[in-house]
Amino acid sequence: MAGLKTIIALSFVLAIGFLLVILSSALFQNYLPLLVVATYVIAPLPNWICGRAANPEDFMDSGGSSIVELGRFVTGFLVVMGVALPVVLAHCGLIVGPAMAMAIIGGLLIYGTIISFTMFFREQEEF
């Protein structure tokens, strides 16, 4: 069971991630790196929605559910897009290299914190 120290630590890491992404936009007067926040905040939603749509009580279905696999694919696409978007923007010359690095590091911290929150505070299933 996660305690108060876990919540404080994860909140601190989340704040650092948001700070890096906001600074990557504000320091270089270009607000395109803020798109990274949108991709990382939206990324866990397909897993959650598709996990709810799948029927976990079906004991006869031994194979993987295609709706769950679709959710994992869309989540993976959004995570890769969150890393690739600043790289493409920097390659096109729309943002500078340090803004790209700050946006990628901050975005990965945000997504890692969201995943950690869901892992630490997942409800235990009873059989």
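**Exercise 1.** Find out whether Tyr40 and Tyr111 are buried or exposed, then work out what they form together.

*Solution.* Start with the cover around each residue. Tyr40 is buried, and Tyr111 is buried too; keep in mind that this is a predicted model. Buried here means under 20% relative accessible area.

Next, look at the rings. A pair of aromatic rings is described by how far apart the centres are and by the angle of the planes. The structure holds one aromatic pair. Tyr40 and Tyr111 form that pair, with 5.8 Å centre to centre and 40° between the planes, so it goes down as tilted: planes under 30 degrees apart would count as stacked, and over 60 as edge-to-face.

Tyr40 sits in helix H2 (residues 35-42) and Tyr111 in helix H5 (residues 97-120), so the pair ties together parts that are 71 residues apart in sequence.

**Exercise 2.** Work out which residues form the nonpolar patch on the surface, and which helix gives the largest share.

*Solution.* Pick out the members: Leu4, Ile7, Ile8, Phe120 and Phe121, with about 500 Å² of accessible area together. Now sort them by helix: H1 (residues 4-26) brings the largest share, three residues. Zoom in on Ile7, which has its place in helix H1. Ile7 counts as partly exposed because its relative accessibility is 33%, and that class runs between 20% and 50%.

**Exercise 3.** Take the spans 7-25 and 95-121 from the UniProt annotation "transmembrane region" and describe how the chain runs there.

*Solution.* The unreviewed UniProt entry puts this annotation on residues 7-25, 31-49, 70-89 and 95-121. Residues 7-25 are 100% helix and 0% strand, with end C-alpha atoms 27 Å apart. Residues 95-121 come out at 89% helix and 0% strand, and here the end C-alpha atoms are 37 Å apart.

How values were computed. Residues are numbered from 1 along each chain as its sequence is written. This is a predicted model: local features need pLDDT of at least 70, side-chain atom pairs count only at pLDDT 80 or more; totals for chains, interfaces and linings use all residues. Side-chain values use heavy atoms; hydrogens and water are left out. UniProt positions are given in the numbering used here, feature names are shortened, and annotations may be inferred rather than shown by experiment. Helices (H or I, at least four residues) and strands (E, at least two) are DSSP runs, numbered from the N terminus. Patches are made of residues with over 30% relative accessible area and no salt bridge: like charges are joined within 9 Å, nonpolar side chains (Val, Leu, Ile, Met, Phe, Trp, Tyr) within 5 Å. Accessible areas come from the Shrake-Rupley method with a 1.4 Å probe; for residues, only the protein chains shown count as cover. A salt bridge is a side-chain nitrogen of Lys or Arg within 4 Å of a carboxyl oxygen of Asp or Glu. Buried means under 20% relative accessible area, exposed over 50%, partly exposed in between (1.4 Å probe, protein chains only). Rings of Phe, Tyr and Trp (its six-membered ring) pair if their centres lie within 6.5 Å; planes under 30 degrees apart count as stacked, over 60 as edge-to-face and the rest as tilted.
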